[in-house]
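Hello,

Here is the structure we talked about handing over. Please open it first, then read the notes below it.

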Amino acid sequence: TEEYAKGMLVPGTLFEELGWNYIGPIDGHDLPTLIATLRNMRDLSGPQFLHVVTKKGKGFAPAEVDPITWHAINKLEPLDAPKKPKAPSGPRYSNVFGQWLCDMAEVDARLTGITPAMKEGSDLVAFSERFPERYFDVAIAEQHAVTLAAGMACEGAKPVVAIYSTFLQRAYDQLIHDVAVQNLDVLFAIDRAGLVGEDGPTHAGSFDLSYLRCIPGMLVMTPSDENEMRRMLTTGYLFEGPAAVRYPRGTGPNATLERGLEPLEIGKGVVRRQGSKVALLVFGVQLAEALKVGETLDATVVDMRFVKPLDEALVRQLADSHELLVTIEENSIMGGAGSAVNEFLAREGLLQPILNLGLPDHYVEHAKPAQMLAECGLDEAGIEAAVRARLAKL
């Protein structure tokens with residue numbers, strides 16, 4: 001009788017058939033009822049399934065009215081606190097992606113945009129409004145997002161998966177087996193790469209270079225500014241096979257954006273400053289800091305651009321003409337872009353002193369991004385100090 005009643009009145013039939021005792025739904029904001037229910041369930045035998053219903057932002061009126069805007073917030077200031085003027089800044093990297101997506105969709109009807117419930121965060125709002133039939137929000141189901149992209153690519157579409165670095169980890173199996181094994185044309189626009197500030201270590205994109213570059217056939221790119229990112233998105237989109245562009249949260253150096261859709265030459269880095277003795281090989285947005293260090297130490301500074309394929313000819317040239325190579329990346333040192341350089345040098349028998357700078361082998365606790373980078377030695381002072389320390393040992 002209980003099972004039949006539940007089947008008619010509450011959505012627990014599926015869980016009951018799986019052997020769970022379903023209880024609910026109950027109001028998750030009614031703490032006395034919730035506590036009493038948990039106490040009652042504590043003494044029940046067998047697996048239990050408690051269905052709790054909550055409202056996003058409950059208890060904070062602005063968040064209840066606008067849960068998207070208030071999904072993640074910074075420190076709240078008192079209403080009577082003096083207003084601090086905001087420094088002018090350029091578009092966020094996610095804004096640059098959103099504009100590129102619309103621009104490319106206008107010239108290629110095969111493009112489809114896929115997001116796992118991050119339309120606002122990844123800035124697909126304009127795309128969803130202008131191209132609703134080519135926009136797919138699969139909700140919080142990263143695995144499905146990747147497999148959906150694979151299926152679309154099999155049918156001739158050109159899917160672009162907009163996804164946070166930390167969330168792509170959930171779909172690693174699908175990335176390999178559904179996309180990479182078949183060498184399908186899927187572009188991954190990987191947002192929130194590197195440290196993300198006060199969202200904490202669960203949201204940091206610390207490992208994507210490490211887990212992407214080991215996948216056969218994968219094109220992996222690290223833009224140093226907004227315009228490089230736009231061109232890399234085009235490069236990855238036109239690439240025949242899986243491609244990834246990883247970019248950080250927030251704004252860049254406000255580089256001038258080229259409105260066209262010109263790709264880059266695949267696997268080619270660019271020397272941004274010519275120096276001597278030390279060569280700084282930068283994979284990503286630490287280029288600005290590296291250029292400052294380069295001026296101080298008269299070092300060569302290179303925007304490597306591509307983690308895979310690595311510009312091996314350029315690395316060889318730098319190894320032949322410098323006493324120390326320094327790799328810089330906002331990714332785990334273990335298995336990252338610096339490791340790719342190490343492996344090339346070892347494979348070619350180039351016995352060259354090298355220093356790898358990146359994220360340490362522990363979870364970096366949340367703080368302001370600048371503070372986190374300083375803690376990891378990836379700000380200007382940290383890079384300079386590490387290079388000077390290594391030079392002193394040579």
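One term before the findings: helices and strands here are DSSP runs, of at least four and at least two residues respectively, numbered from the N terminus. By that numbering, Asn 183 sits in the loop between helix H9 (172-180) and E6. Keep in mind that this is a predicted model.

Asn 183 is not a glycine, yet its phi is positive, about 55°. Its relative accessible area is 42%, so Asn 183 is partly exposed. Arg 192 also has a positive phi, near 55°. Arg 192 belongs to the loop between E6 and helix H10 (208-212). Is Arg 192 buried or exposed? At 15% relative accessibility it counts as buried, because the cut-off is under 20%.

Two peptide bonds are worth a look. The bond from Gly 24 to Pro 25 is cis, with omega near -5°. Pro 25 is part of strand E1 (residues 21-27). Lys 308 and Pro 309 are also joined by a cis bond, with omega about 0°. Pro 309 falls in the loop between strand E12 (306-308) and helix H13 (312-321). As background, most residues other than glycine have a negative phi, and most peptide bonds are trans.

**Overall picture**

The protein has 16 helices and 14 strands. Its C-alpha atoms fill a box of roughly 80 × 55 × 45 Å along the principal axes. Of the 394 residues, 46% are buried. The accessible surface is about 19600 Å², and carbon and sulfur atoms account for 55% of it. There are 37 positive and 53 negative side chains. The centres of those two sets lie 4 Å apart.

**Cores**

The largest nonpolar core has 47 residues. Phe 188, Leu 212 and Leu 281 touch the most other members. Helix H7 (residues 142-154) gives the largest share, six residues. A second, separate core holds 28 residues, including Val 96, Phe 131, Met 229 and Tyr 247. Back to Leu 212: beyond its neighbours within four places in sequence, its contacts include Leu 168, Ile 190 and Val 220.

**Helix H5**

H5 (residues 93-107) has 15 residues and should span 21 Å at 1.5 Å a residue. Its end C-alpha atoms are 22 Å apart, which agrees. Eleven of its 15 residues are buried. Among them are Tyr 93, Val 96, Trp 100 and Asp 103. The buried residues of H5 pack against several elements, including strand E3 (111-115) and helix H11 (226-238).

Best wishes

Technical notes. Residues numbered from 1 in each chain as written. Predicted model: local features only at pLDDT ≥ 70, side-chain atom pairs only at ≥ 80, totals over all residues. Heavy atoms only, no water. Buried < 20%, exposed > 50% of the residue type's maximum accessible area, 1.4 Å probe, protein only. Areas by Shrake-Rupley, 256 points an atom, 1.4 Å probe, with all protein chains shown as cover. Lys, Arg positive; Asp, Glu negative; His and termini not counted. Charge placed at Lys NZ, Arg CZ, Asp CG, Glu CD. Expected span 1.5 Å × (residues − 1). Contact = heavy atoms within 4.5 Å. Core = buried A, V, L, I, M, F, W, Y, C linked by side-chain atoms within 4.5 Å.
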